[in-house]
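Have the sequence and the model open side by side.

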Amino acid sequence: MALRLKGQEVEIRISKAGVLLDTITKVTNFEFEAKVEMSEEGFLGATTNEYDEIYNGCSFNFEVHLDTPDWLDFQQAIIDKARRVTPDVQFSISAVLFWPGGATKAVLIPDVHFGALPISAGGRADFVTAKCEGGASEFTLQSL
């Protein structure tokens, strides 16, 4: 029986303007979604509906524990892009999956656009966490 992929074999990397900005190590969860929408249409005289699909890009979100102030610089860079201070800057996210059998695949998400970037401190004994969500028009898979 093949070994299944675990979270310990996932690494999140963030690039800004083609340069590796950070490899995030304190990720508590990561979600990636290829957004495919199914459409269904019924026609008179037909005995069943017909189906089709459309690709709507991809989305991602993750949560991290903050262990350096670098997250605030990353957040400011996203805000600067959104305010068009640095409109040409592109961010990329990649999730590298190190399979137990030895294969390594990367989900590369270029030219990502970001949504909310909350930072929260749940209580005195809790770690401070930051959340990040975003999306892109395309993604590619790459064998490493």
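Is cysteine 58 buried or exposed? Cysteine 58 counts as buried, because its relative accessibility is 3%. Keep in mind that this is a predicted model.

Cysteine 58 is in no disulfide, and the nearest cysteine sulfur, that of cysteine 132, is 13 Å away. A disulfide needs the two sulfur atoms within 2.5 Å, so a pair at that cut-off is the test to apply. Seen from the other end, cysteine 132 has the sulfur of cysteine 58 as its nearest cysteine sulfur, again at 13 Å, and is in no disulfide.

Now turn to paired charges. How many salt bridges does the structure hold? There are two. One joins the side chains of arginine 13 and glutamate 11, with 2.6 Å from N to O. Arginine 13 counts as partly exposed because its relative accessibility is 27%. Glutamate 11 is at 22%, so it too counts as partly exposed.

The other salt bridge joins aspartate 111 and lysine 81, with 3.8 Å from N to O. This pair links distant parts of the chain, 30 residues apart. Aspartate 111 sits in the loop between β6 (104-109) and β7 (113-114), while lysine 81 belongs to helix α1 (residues 70-82). How are the two partners covered? Lysine 81 counts as buried, at 15% relative accessibility. Aspartate 111 counts as partly exposed, at 28%.

Alanine 17 is found in the loop between β1 (10-16) and β2 (19-24). Is alanine 17 buried or exposed? It counts as exposed, because its relative accessibility is 55%.

Next, look at the surface for charge. Which residues gather in a patch of negative charge? They are Asp22, Asp67, Asp70 and Asp73. Pick out aspartate 70, which lies in helix α1. Aspartate 70 is partly exposed, with a relative accessible area of 43%. Residues need over 30% to join a patch, so aspartate 70 can be a member on that count.

The surface also has a nonpolar patch. Which residues make it? Leu72, Ile119 and Val128 do, and the patch covers about 220 Å². Isoleucine 119 lies in strand β8 (residues 119-120). Its relative accessibility is 37%, so isoleucine 119 counts as partly exposed.

Move on to the salt bridge of arginine 13 with glutamate 11, then to that of aspartate 111 with lysine 81. Finish on the surface, with the negative patch that includes Asp70 and the nonpolar patch that includes Ile119.

Definitions and conventions:
Residues numbered from 1 in each chain as written. Predicted model: local features only at pLDDT ≥ 70, side-chain atom pairs only at ≥ 80, totals over all residues. Heavy atoms only, no water. Salt bridge = Lys/Arg side-chain N within 4 Å of Asp/Glu carboxyl O. Buried < 20%, exposed > 50% of the residue type's maximum accessible area, 1.4 Å probe, protein only. Helix = DSSP H or I, 4+ residues; strand = E, 2+ residues; numbered from the N terminus. Patch = residues over 30% accessible without salt bridge, like charges linked within 9 Å, V, L, I, M, F, W, Y side chains within 5 Å. Areas by Shrake-Rupley, 256 points an atom, 1.4 Å probe, with all protein chains shown as cover. Lys, Arg positive; Asp, Glu negative; His and termini not counted. Charge placed at Lys NZ, Arg CZ, Asp CG, Glu CD.
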